[in-house]
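Open the model in your viewer and keep the sequence panel beside it. This tour goes from one selection to the next and says what is there.

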Amino acid sequence: MAEGTATRVTRAGESMRGWVLFIAPIVLLLIVFFVVPLVDLLSLSLTEHKPGPRDPNAALTLVNFVKILGDPFYLAMAGNSLLLGLLTVIATLLIGYPVAFYLTRSSGWERTLISVACLLPIFTNLIVGILGWYILLLPFGVFQQLLSALGLVDGPIQWIRSSSALVAVLTYEHLPFAILILASTIQNVPQDKINAARILGASMPRIVWSLMLPLTAPGLIASAILVFSLSVSSYLIPILIAGPRTQVLPISIFSYSSELLNRPMASTLAFILLVMVAACTYSAVLVANRLTRRGSWEMV
Amino acid sequence: MSSPTVNASELDPPRPILKLQRVRKTFQGQVVLDDLDLEIGAGEFLSLLGPSGCGKTTTLNLVAGFLKADAGYISLRGALSNELPPQKRKLGMVFQSYALFPHMTVFDNVAYGLHRRGVPSGQVSDRVAAMLDLVRLGQAQGKYPSQLSGGMQQRVALARALVTEPDLLLLDEPLSNLDAALRKDMQVEIKHIQERLKVATLLVTHSQEEALVMSDRMAVMRGGRIERIGPPHTVYSDPRTAFVCTFVGDANLFEARVAAHEGTPRLMVGDWAVLADGPLPEQAGTLGIAVRPEHIAIAPAGMASGDNVLSGSVSDTIFKGSNILYEVRVGDRDILVLGLPKIGEAPFARGDAVSIAFSRKAVILLAGAGHG
């Protein structure tokens, strides 16, 4: 009996060691490239800005946080970033969900066409993609000329610096990720369940509302989180499409760290952005789980 | 008191709930349904039985409206319904996977169809509760499907399909995911509920047992056509073709020659003369015949008597408890014989010399040459 227990303990110890070996690389990677920089970011944000090299014995202070959170300018900027992320998420899901739905129900050349159209932008260099949009949106650019030729507009339109153009390009860049995630969750909803709802008399909008949305909620949340965090932290798209004066956090972070060389201020803004994204992500998960009563049921 | 006017419904045959006429369906050039005709009367339980790929599931999907027929007419309650979407067909359907909505409670699952049909919410809870009582799930209203066993999920699916009081219920292999014991119970239970509610039912199955136990009529399908349709007993005892004969029940198939013997035609299997009832073709030729294993008696060598007696030796014995399946070697053929264990007697063992016998009534004449 005692011997058996001892053997079992040893076995458990061995399997524990096995597990540690398996997860050691990823844990190491996370510590070196995620935890250490994050701690460094936080400690830097808690020091006061002084010109010159970084002082390792600087006193901890909340002066940067007080400065940012007490300034309506920065609060408005954070609000701008949030709104931008939110609008991009809404636009992405509104376009991506029907496309993903159609993708899972199609076959043959249609399926290939949609899949390739989804994958190509991912493989295209980001700057190339943005410059393409830049040319399209320029005053007297392609869209402008097209609309003028059709007699729909007269004279130049200010698209290139507008926030709607910014949302459009962010949506375009992040749509493929959303579609790929959504397609895989929509694929997991059996056709039988949709057919069952149809034969019970449910119209298509009703099926989407009462069946598809709750059952694909995990994919919706996952793609919303991904698109949101990519959008609020995007730097290239806002600066190239909406210009360097755009009031969003990443541009301000870059300007503090690279132009003003105020690293503590940049770290503080970056940390606030991080907390914002984490809080939004977490509350989105909570709300969606509550709405779909997830946790009390499993897929059958 | 006699009424001077004759009630029309007593004279006319009952109008079929469902009528398929010359329905055709092809997938990528391959014919799946080939001019299919089918009718289901009010309250009738009809089974479509066949191997996979015979078109039975396609037929069901056409009736449900999930597929469109290439040609032919599908009428529901006397009205042409080819173009009617599934939402408007007012049918009940139980899927092979049950297709329950996993994020809804049992109550909400069953109430779904009532809400979609605009039943006032005051009536909904009464009707759902009554239907759940009928399928013996009164206690499970607040549970989610994942918390129920397979048999209970299946009863929820049945309740959901029946609560809207459809006059045609479609069952798509509803029992194939259950274990054998539960399947037998559910066959009887579904049949009882169906008879109680008098709902016309179309069952699709590949299990001959299900079709035999539950149906009023059964249709055996093969290659997109109905090969034989009729009450289960008729189909079983007079299968007409070798395919139906072997698909519904077991059978020993022989190819027989019709030869004239002293002026009357006679059946010859190899060099055995087989006595059979029924009209034999006048011309000489070949013809398939079948004998079911349960119609053959087995006895120790020389002890059997009957119209047709053969002797051979037991080449295999499969003991199944309530019965024993023997494989008897006669000449160069193996013949299956179903025996009953006798009290106080050991079953025949491999190598025992036996006689087998069957009556002339047991010989089933099949259309065309036997191709078993």
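This is a predicted model: local features need pLDDT of at least 70, side-chain atom pairs count only at pLDDT 80 or more; totals for chains, interfaces and linings use all residues.

Leaving aside its neighbours within four places in sequence, which residues is B:V314 in contact with? The contacts are B:Y326, B:E327, B:V328, B:F348, B:A349, B:R350, B:G351, B:D352 and B:V354, with neighbours within four places in sequence left out. B:V314 belongs to strand β16 of chain B, which covers residues 308–319. Its relative accessible area is 2%, so B:V314 counts as buried.

**The nonpolar cores**

Next, select B:L18, B:L168, B:L170 and B:L202. In the largest nonpolar core, which has 82 residues, these four touch the most other members. Keep B:L170 and show its contacts. Beyond its neighbours within four places in sequence, B:L170 is in contact with B:L60, B:V63, B:A64, B:L91, B:G92, B:M93, B:V94 and B:L202. Another core, of 36 residues, lies apart from the largest one. To find this other core, select B:V124, B:L132, B:L148 and B:L178, which are among its residues. In soluble globular proteins, nonpolar side chains tend to be buried together.

**Where chain B touches chain A**

Colour the two chains separately and turn to the contact between them. How many residues does each chain give to the contact? Chain B provides 26 residues and chain A provides 24 residues. About 2300 Å² of area is buried between the two chains, and carbon and sulfur atoms give 61% of that. Select B:Q87, B:P102 and B:H103: in chain B, these lose the most area to chain A, together 27% of what that side buries.

The interface has 8 residue pairs in polar contact. On chain B, select α3 (106–116) and α5 (150–162), each of which supplies at least two residues of the side that touches chain A. The largest share of that side comes from α3(B), with 4 residues. By type, the residues on that side of chain B are 14 nonpolar, 8 polar and 4 charged.

A:S210 counts as buried because its relative accessibility is 12%, under the 20% limit. Its side chain makes a polar contact with the side chain of B:Y112, at 2.7 Å. A polar atom of the A:S210 side chain also lies 2.7 Å from the backbone oxygen of A:R206. With neighbours within four places in sequence left out, A:S210 is in contact with B:H103, B:M104 and B:Y112.

**Salt bridges**

There are 19 salt bridges over all chains, and the count between chain B and chain A is 1. B:D108 is in helix α3 of chain B, while A:R293 is in the segment after α13 (263–291) of chain A. B:D108, at 28% relative accessibility, counts as partly exposed. A:R293 is also partly exposed, with a relative accessible area of 38%.

Then select B:R217 and B:E44, a salt bridge of 2.5 Å, N to O. The two residues are 173 residues apart: B:R217 is in strand β9 (residues 217–222), and B:E44 is in the loop between β2 (30–40) and β3 (45–49) of chain B. Is B:E44 buried or exposed? B:E44 counts as buried, at 14% relative accessibility, whereas B:R217 is partly exposed, with a relative accessible area of 25%.

For a network of salt bridges, select B:R24, B:D34, B:D35 and B:R225, which are linked in one.

**Two loops**

Select B:R240, in the loop between α8 (232–237) and α9 (242–247) of chain B. Its side chain meets that of B:D238 in a salt bridge of 3.4 Å, N to O. Phi of B:R240 is near 70°, a positive value in a residue other than glycine.

Finish at B:E165, in the loop between α5 and β7 (168–172) of chain B. Phi of B:E165 is also positive, near 55°. B:E165 is exposed, with a relative accessible area of 63%.

How values were computed: Residues are numbered from 1 along each chain as its sequence is written. Chains are lettered from A and ligands numbered from 1 in the order in which they are written. Side-chain values use heavy atoms; hydrogens and water are left out. Contact means heavy atoms within 4.5 Å. Buried area is the accessible area (1.4 Å probe) that two parts lose on being put together, summed over both. A salt bridge is a side-chain nitrogen of Lys or Arg within 4 Å of a carboxyl oxygen of Asp or Glu. A polar contact is a pair of N or O atoms within 3.5 Å; within protein, one must be able to donate a hydrogen and the other to accept it, and residues adjacent in sequence count only if both atoms are side-chain atoms. Ala, Val, Leu, Ile, Met, Phe, Trp, Tyr, Cys and Pro count as nonpolar, Asp, Glu, Lys and Arg as charged, and the others, Gly among them, as polar. A nonpolar core is a set of buried Ala, Val, Leu, Ile, Met, Phe, Trp, Tyr and Cys residues joined through side-chain atoms within 4.5 Å. Buried means under 20% relative accessible area, exposed over 50%, partly exposed in between (1.4 Å probe, protein chains only).
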